[in-house]
Amino acid sequence: MSILQTIIMSRLSIAIIVVMFSAGTALAENEGQDDLDKATELKLTAGTLGDLAEVIRLAESALEKGLDQDNTQFAESLLTATLIQRGMAMSAAIFKSSPPDARWPQFRHVALEDLEKAVKLNPKQPQALLLIARLNMLPEGDAKRAAEAVDKTIELLADDPEQRARALVLRAGIEDDPAKQLADLDLAHQIAPDNTAVMLLRAGIYHELDQPDKAIAELEELRRLKPKNPLVLMQLGMAYSVEKKSQQAIEAYSAMLVEAPDAWPALRGRGDAMLNLGRQVEAVADYEKVLKLRPKDAGTMNNLAWVLATSPDEKLRDGRRAIEMATEACELTEYKQAHILSTLAAAYAETGDFDSAVKWVEKGLEVGSEDESLKEPLEKELEGYRDGKPWRELLAP
């Protein structure tokens, strides 16, 4: 064999070896292809958590066995999407269950494992990060991780105003400083000016900052935008009640009851506002409705018993029923609420049993000894009962 032939044969052998080596490398790189194909096919029809678990297993197996660059990217995208899908499903079992499933801590653990894996594979997943924040805001969650996740979410959602506003609302919920909460909510309001949650929360922060006028203005603006929203009307009624603007409170509660006739908190709120204005007949009617919906509501029992025991209107007074109702309210509160003990005393006084009236108002003074605001009225009641006089409520002019 000539030197030329030897050179040609050597080069040919090298070429064959290179081709064979390259083919072997390709085969090794794509050893996980079969698992990836199965995962891809199953993902298209996956309808259960078990299906999603199998897609995750196959995708992880494919990556472990080996894939070329393009298939690796595809497998990681498939795995990320499936982990998020399963994390969302587990989260829905927590957030959309009423009452919450007793197993929610386990659901959270599984959901967080999936979501954290997903953002490790691809950190730019605002939906997953937002869920991580929400899950960690639940009892015994990682507050620091929640804050990190929501901060990253806000950063990633610069081009999605509506979602960014929701993330800002979530961060406001994590923050303890009302001023910082308000700053986030102000920004969210700029982004989404008609967002109900943003405005409701802003109103709440204004109350915390002792700015009731701003809170009410916010809620009135929200009512203009959402005139039939029961939650808005309820919050507005409560805001007016806190500010002792009883007539405005009654109007707000009444508007809510048009939309939700069996909303007992609105009935209770309206009854209290009626009572503040001396409209006892209407207050009693609302309290009676509340007790049909919530027969064991101690607060409503107490207020109704007080009217039955102390009303200047003889037609409304019913001492025996007042004793029964006040006694049950005391039992429900374990005889630890001074104002309810006061009501029980007034009920006994209405029936002429002043010894019992003195006993229970003295018990009220003992229980409420640390509350200076109760001392003077309870002592006045005690003085009257010792003189054999039942208590009569002074009605608003």
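Author: Start with a term: a salt bridge is a side-chain nitrogen of Lys or Arg within 4 Å of a carboxyl oxygen of Asp or Glu. Arginine 224 makes one with glutamate 221, and their closest N and O atoms are 2.6 Å apart.

Reader: Is this an experimental structure or a predicted one, and how are residues numbered?

Author: This is a predicted model, where local features need pLDDT of at least 70 and side-chain atom pairs count only at pLDDT 80 or more, while totals for chains, interfaces and linings use all residues. Residues are numbered from 1 along each chain as its sequence is written, and side-chain values use heavy atoms, with hydrogens and water left out.

Reader: Back to that pair. Where do arginine 224 and glutamate 221 sit relative to each other?

Author: They are three residues apart in helix α11 (residues 212-225), so about one helical turn separates them. Helices here are DSSP runs of H or I with at least four residues, strands are runs of E with at least two, and both are numbered from the N terminus.

Reader: Is arginine 224 buried or exposed?

Author: Exposed, at a relative accessible area of 56%. Glutamate 221 is partly exposed, at 31%. The cut-offs are under 20% for buried, over 50% for exposed and partly exposed in between, with a 1.4 Å probe and protein chains only.

Reader: How many salt bridges does the structure hold?

Author: It holds 28. One of them links arginine 294 and aspartate 297, at 3.8 Å from N to O. Arginine 294 is partly exposed at 35% relative accessibility, whereas aspartate 297 is buried at 10%. Salt bridges with shared partners join Arg268, Asp272, Arg294 and Asp297 into one network.

Reader: Which residue does arginine 279 pair with?

Author: Glutamate 282, in a salt bridge of 2.8 Å from N to O. Arginine 279 is partly exposed at 27%, and glutamate 282 is partly exposed at 33%.

Reader: Changing topic. How many helices and strands are there?

Author: The protein has 20 helices and zero strands.

Reader: And what box do the C-alpha atoms fill?

Author: Roughly 140 × 40 × 40 Å along the principal axes.

Reader: What share of the residues is buried?

Author: Buried residues are 40% of the 397.

Reader: What about pockets? What is the volume of the largest one?

Author: About 640 Å³. Of its 25 lining residues, Leu275, Asn302, Asn303, Trp306 and Glu393 are the closest to the centre. On a 1 Å grid over the protein atoms alone, a pocket is an open set of points where a 1.4 Å probe fits, with protein on both sides within 12 Å along at least five of seven lines; lining residues have an atom within 4 Å of a point.

Reader: Which helices supply that lining?

Author: Those giving at least two residues each include α14 (264-276), α16 (298-310) and α20 (372-386).

Reader: And the second largest pocket, which residues are nearest its centre?

Author: Met88, Gln127, Leu130, Leu131 and Arg134, out of 13 lining residues. Its volume is about 290 Å³. Helix α6 gives the largest share of the lining, five residues.

Methods. Grid points are joined across faces, edges and corners, and a volume is the space filled by probe spheres set on the points.
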